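Reader: Please pick one part of this model and go through its side-chain contacts atom by atom. Then place that part in the rest of the chain, with the cut-offs for each term.

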Amino acid sequence: MLTELCLRDDAQTSVGGLSPVNKDGVAAVLDVNHWKRNAQLIELCKPLVDAIGNLENCDATLADCMIELIEAERKIATTQFKPDNDLAFTQHAQQRVRVRFHEMN
């Protein structure tokens with residue numbers, strides 16, 4: 001749907017005094033790799049988001065937080081590479097999460 005909107009003439013040029021869609025925005029919507037990288041980022045961040053969701057109550061202890069963090073780091077570290085993923089990005093993200101995990105530990 002976004003692709004169809006960005007390809008419209010009135011999205012590309014000013015019509016009736018209305019501004020066109022930003023060229024960078026159009027380029028991002030039409031860039032297939034942009035959406036693949038977004039999906040990859042979402043997949044890598046999901047364990048952290050899940051951990052936050054599991055801890056969003058007043059009864060969570062520091063031990064609960066550490067257990068959730070251990071589980072999230074393990075899931076991120078064992079994320080399977082997909083053929084269309086950016087391997088360097090995944091490895092960088094895994095390494096940064098590992099470093100920050102050990103700092104917090």
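Author: A polar contact is a pair of N or O atoms within 3.5 Å; within protein, one atom must be able to donate a hydrogen and the other to accept it, and residues adjacent in sequence count only if both atoms are side-chain atoms. This is a predicted model, in which local features need pLDDT of at least 70 and side-chain atom pairs count only at pLDDT 80 or more, while totals for chains, interfaces and linings use all residues. Residues are numbered from 1 along each chain as its sequence is written, and side-chain values use heavy atoms, with hydrogens and water left out.

Thr79 sits in the loop between H5 and H6, where helices (H or I, at least four residues) and strands (E, at least two) are DSSP runs numbered from the N terminus. A polar atom of the Thr79 side chain lies 3.0 Å from the backbone oxygen of Ile76, and the backbone oxygen of Lys75 is 3.1 Å from a polar atom of that side chain. Thr79 is buried, because its relative accessible area is 15%; buried means under 20%, exposed over 50%, and partly exposed in between (1.4 Å probe, protein chains only). Leaving out residues up to four places away in sequence, Thr79 touches Glu43, Leu44 and Gln94, a contact being heavy atoms within 4.5 Å.

Gln94 comes next. Gln94 belongs to helix H6, residues 87-104. With a relative accessible area of 8%, Gln94 is also on the buried side of the cut-off. The Gln94 side chain reaches the backbone oxygen of Ala77 at 3.3 Å. With residues up to four places away in sequence not counted, Gln94 touches Ile76, Ala77, Thr78, Thr79 and Phe81.

Side chains of opposite charge can pair when their charged atoms come close. A salt bridge here is a side-chain nitrogen of Lys or Arg within 4 Å of a carboxyl oxygen of Asp or Glu. Lys82 forms one with Glu43, and the closest N and O atoms are 3.1 Å apart. Lys82 lies in the loop between helix H5 (62-77) and H6, and Glu43 in helix H4 (residues 32-55), so this pair ties together parts that are 39 residues apart in sequence. Both ends count as partly exposed, Lys82 at 43% relative accessibility and Glu43 at 30%.

The rule gives 4 salt bridges in total. Among them is Lys46 with Asp50, whose closest N and O atoms are 2.7 Å apart. Lys46 and Asp50 are 4 residues apart in helix H4, which means about one helical turn between them. Lys46 is partly exposed at 46%, as is Asp50 at 30%. The side chains of Arg100 and Glu103 also meet in a salt bridge, at 2.8 Å from N to O. Arg100 and Glu103 both lie in helix H6, 3 residues apart, about one turn of the helix. Arg100 is partly exposed at 44%, whereas Glu103, at 52%, counts as exposed.

As for the whole protein chain, there are 6 helices and 0 strands, and from the N terminus on the elements run α-α-α-α-α-α. The radius of gyration is 20 Å, well over the 13 Å that the globule rule gives for 105 residues, so the chain is more spread out than a compact globule. That radius is taken over C-alpha atoms, and the rule is 2.2 Å times the number of residues to the power 0.38. Along its principal axes the C-alpha trace spans about 60 × 35 × 20 Å. Buried residues make up 17% of the 105 residues; Thr79 and Gln94 are among the buried ones. Of the contacts with a separation of 6 or more, 54% are between residues 24 or more positions apart.
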